[in-house]
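Q: I would like to go through this structure with you. Could we begin with the overall layout and then move on to the details?

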Amino acid sequence: MADNYIENKFEEYNSKKKVVYKSAGRSLDRLLTTNRSYRGYDQAYAVSKGTLEKIVAVNPLLPSAKNQQALRFKLVTAGDKADIVLENIKLGGMLPELHLPFPGTEPQAFIIICSTVPESKMLHVDLGIAAQSMLLKAVELGYNGLIIGAFNAKRIEESFALPYPPVLILAIGKGNENIELKTISANESHAYYRENGTHIVPKVRWEELIIR
Ligand SMILES: Cc1cc2nc3c(=O)[nH]c(=O)nc-3n(C[C@H](O)[C@H](O)[C@H](O)COP(=O)(O)O)c2cc1C
């Protein structure tokens, strides 16, 4: 009797677990797929400081090497020196002829990520986890974004009188580009490109990512 009880409870637990995993799997895939790199934004949608705060608020939920939690965040919204960030970032370096972003579609809100510790492998891992997690939160809130590694760190640090060096910038806004993923083989070109106004992002099929 007692055995059956435990068995039943175990099955009940497992079946619940399966349901939870299944729906979480679907929503995670959707979030990840929607979370593309946008280089053009609809400026009719202003991103508030409050929205940027909600995005930064995911950080205490994240893993961190030695739990160092060394990242700090400067929030920048439209009219609040956003133009200075724009002057010091480079978007779409693989499509230089397009001079992205197109006028009138520039991102207007940014999260400048700074580090209280010198850059290292572990700091960079933390940085990647933080950047992607914040972008996923932005997508959940109905926005989009872009990770920006190509920026003038010295100018950004000076212009915002930052107490720590900036290590990465996120642009946040309502994306207004058509972006499609294209499955490719590992030996095909990985370079993103535009086709009839759609931004195509080649991604190597997952089966080829497994070392056999
Ligand atoms: C660490 C890192 C740095 C990046 N820096 C830039 C950048 O400076 N400018 C830019 O336009 N895109 C930048 N990107 C975006 C990548 O180009 C983009 O992730 C890639 O083209 C694939 O597109 P997807 O994000 O839609 O999958 C960066 C992405 C990462 C992860």
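Q: What pattern does the protein chain follow, read along the sequence?
A: This is a predicted model. Read along the sequence, the protein chain shows α-α-β-α-β-α-β-α-β-β-β-β.

Q: And how many helices and strands is that?
A: The protein chain has five helices and seven strands.

Q: How much of the protein chain counts as buried?
A: Of its 212 residues, 24% are classed as buried.

Q: Which strand is mostly covered?
A: Strand β2, residues 109-115, is mostly covered, with seven of its seven residues buried. Ala 109, Ile 111, Ile 113 and Ser 115 point one way from β2, while Phe 110, Ile 112 and Cys 114 point the other way.

Q: What does β2 pair with, then?
A: Strand β1 (residues 71-76) runs antiparallel to β2 and is joined to it by six bridges. Strand β4 (residues 166-173) also pairs with β2 in the antiparallel sense, over six bridges.

Q: How many residues are in the largest nonpolar core?
A: That core has 31 residues. Those with the most contacts inside it include Phe 110, Ile 111 and Ile 113, together with Met 134, Ile 169, Leu 170 and Ile 172. The elements that give two or more residues to this core are α2 (49-56), β1, β2, α4 (121-140), β3 and β4. In soluble globular proteins, nonpolar side chains tend to be buried together.

Q: Take Ile 111: what is it in contact with, leaving aside neighbours within four places in sequence?
A: Ile 111 is in contact with Leu 52, Ile 55, Val 56, Phe 73, Leu 75, Met 134, Leu 170 and Ile 172.

Q: Changing topic to the ligand: how many residues surround it, and which are closest?
A: The ligand is surrounded by 14 residues, and the closest are Arg 36, Ser 37, Leu 91, Gly 149 and Ala 150. The shell divides into seven nonpolar, four polar and three charged residues.

Q: Which strand gives the most to that shell?
A: Strand β3, residues 144-148, gives the most, with three residues.

Q: What about the open sheet of three strands; what order does it have?
A: Its order is β5-β7-β6, with mixed pairing. The edge strands are β5 (178-184) and β6 (193-195), each pairing on one side only. From one strand to the next, the twist averages 40°.

Q: How are β6 and β7 joined?
A: Strands β6 and β7 (residues 198-204) run antiparallel and are joined by three bridges. Arg 194 has His 199 in β7 as its bridge partner.

Q: Now the backbone: which peptide bond is cis?
A: The bond from Leu 100 to Pro 101 is cis, with omega near 0°. Pro 101 lies in the loop between α3 (82-87) and β2.

Q: What is the phi of Ala 161 and of Asn 196?
A: Neither is a glycine, but Ala 161 has a positive phi of about 45°, and Asn 196 has a positive phi of about 50°. Most residues other than glycine have a negative phi.

Q: Where is Asn 196, and is it buried or exposed?
A: Asn 196 is in the loop between β6 and β7. Asn 196 counts as exposed because it has 6 C-beta neighbours inside 10 Å, and the cut-off for exposed is 12 or fewer.

Q: And where is Ala 161, buried or exposed?
A: Ala 161 lies in the loop between α5 (153-159) and β4. Ala 161 has 7 C-beta neighbours inside 10 Å, so it counts as exposed.

Notes:
Residues numbered from 1 in each chain as written. Predicted model: local features only at pLDDT ≥ 70, side-chain atom pairs only at ≥ 80, totals over all residues. Pairing = 2+ DSSP bridges. Helix = DSSP H or I, 4+ residues; strand = E, 2+ residues; numbered from the N terminus. Axes fitted to C-alpha atoms, helices over the stretch in contact; angles between N-to-C directions. Near = placed C-beta within 6 Å. Nonpolar A, V, L, I, M, F, W, Y, C, P; charged D, E, K, R; others polar. Buried ≥ 20, exposed ≤ 12 C-beta atoms within 10 Å, placed from the backbone. Core = buried A, V, L, I, M, F, W, Y, C linked by C-beta atoms within 7 Å. Contact = placed C-beta atoms within 7 Å.
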